[in-house]
Amino acid sequence: MTSWVFAGLVLAAFAAGWVNAVVGGGGLIMLPSLLVGLPSETSVATVVGTNKTAQVVGNFTAGVGYLRRQRPDWRMFLSAAGLAAVGAVVGAHIVTYMSRAVYTPILLVVLVLIGIYTWRKPLLGMGQSSQGGKHPVLVPIIGLLLGCYDGAIGPGVGTFWVLTYVAVGGYSFLKASGMAKICNAVTNIVTIATLAIHGHVWWRVAWPLVIANVIGGVIGARTAMKYGNGFVRTMFLIITAGLAARMLVQLIWGI
């Protein structure tokens with residue numbers, strides 16, 4: 001790996017941390033960068049493990065920054081995080097069997113659908129004092145599925161967490177973002193532990209990326225808290241559209 005490639009990975013880690021802190025979905029920046037930057041013989045499981053390690057501290061740091069000002073609904077939050085952890089174990093064990101040719105089109109469709117859904121509902125998640133609490137059983141069930149997806153694939157799961165807490169749980173974007181980051185960190189930790197046992201984490205590459213990701217996360221969380229729900233919603237739509245376009249290009253032209 002050349003110094004220029006390594007510098008590019010560090011920059012990608014910073015950008016992923018900022019995006020994750022604002023609205024989630026930083027994995028769709030970090031994971032493709034690792035797939036391009038790491039040697040071609042690197043296994044998919046090792047790429048996934050290194051990607052998770054690079055982002056886990058940033059997710060946790062950003063989540064804590066949100067929750068210091070936006071107190072979570074602990075009962076729903078803990079139940080969702082607990083089931084997500086179980087799902088992550090399952091997903092991490094099947095990651096080597098996943099085909100990008102299968103999940104990329106599915107994820108692309110989901111991104112387009114959630115972007116349209118959010119755009120069509122301008123008041124969704126905009127309440128500053130929204131207490132949420134809707135569908136206390138459905139949110140943890142979705143968390144189980146998101147945990148499994150995160151362990152097996154990962155990119156975009158932060159965005160899916162935010163949308164779950166907003167559209168299904170009934171929370172504002174700011175509160176949803178805080179709970180989403182912590183849940184994402186939980187599934188990251190479980191996935192890392194599962195893959196690391198089998199040697200699928202490239203630690204020498206991961207640690208510098210962790211630092212860059214944390215810095216990006218801190219700046220992103222402060223930016224979102226400063227500008228509020230409207231800013232987060234706008235960034236949500238922009239990031240969703242950008243991720244969908246990126247995946248469409250990858251699907252059609254393979255780049």
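Modeller: Residues are numbered from 1 along each chain as its sequence is written, and side-chain values use heavy atoms, without hydrogens or water. The model is predicted, with local features needing pLDDT of at least 70 and side-chain atom pairs pLDDT 80 or more, while totals for chains, interfaces and linings use all residues.

Colleague: What makes α3 largely enclosed by the rest of the structure?

Modeller: In α3, 18 of the 24 residues are buried, so the rest of the structure largely encloses this helix. Helices are DSSP runs (H or I, at least four residues), numbered from the N terminus.

Colleague: How do you know that there is a kink in α3?

Modeller: The bend at a residue is the angle between axes fitted to the seven residues ending there and the seven starting there. In α3 the kink is about 35° and is centred on Gln55. The end-to-end reach of α3 is 33 Å, close to the 34 Å expected, where the expected span is 1.5 Å times one less than the number of residues.

Colleague: Gln55 interests me. Which residues lie nearest the centre of the second largest cavity?

Modeller: Gln55 is one of them, along with Lys52, Gly154, Val157 and Asn184, from a lining of 16 residues. A cavity is a set of points on a 1 Å grid over the protein atoms alone where a 1.4 Å probe fits but cannot get out, and lining residues have an atom within 4 Å of a point. The volume is about 90 Å³, and α3 gives the largest share of the lining, four residues.

Colleague: Lastly, how large is the largest pocket, and which element gives the largest share of its lining?

Modeller: Its volume is about 200 Å³, the space filled by probe spheres set on the points, which are joined across faces, edges and corners. A pocket is an open set with protein on both sides within 12 Å along at least five of seven lines. The largest share of the lining, five residues, comes from α9.

How values were computed
Helices (H or I, at least four residues) and strands (E, at least two) are DSSP runs, numbered from the N terminus. Buried means under 20% relative accessible area, exposed over 50%, partly exposed in between (1.4 Å probe, protein chains only).
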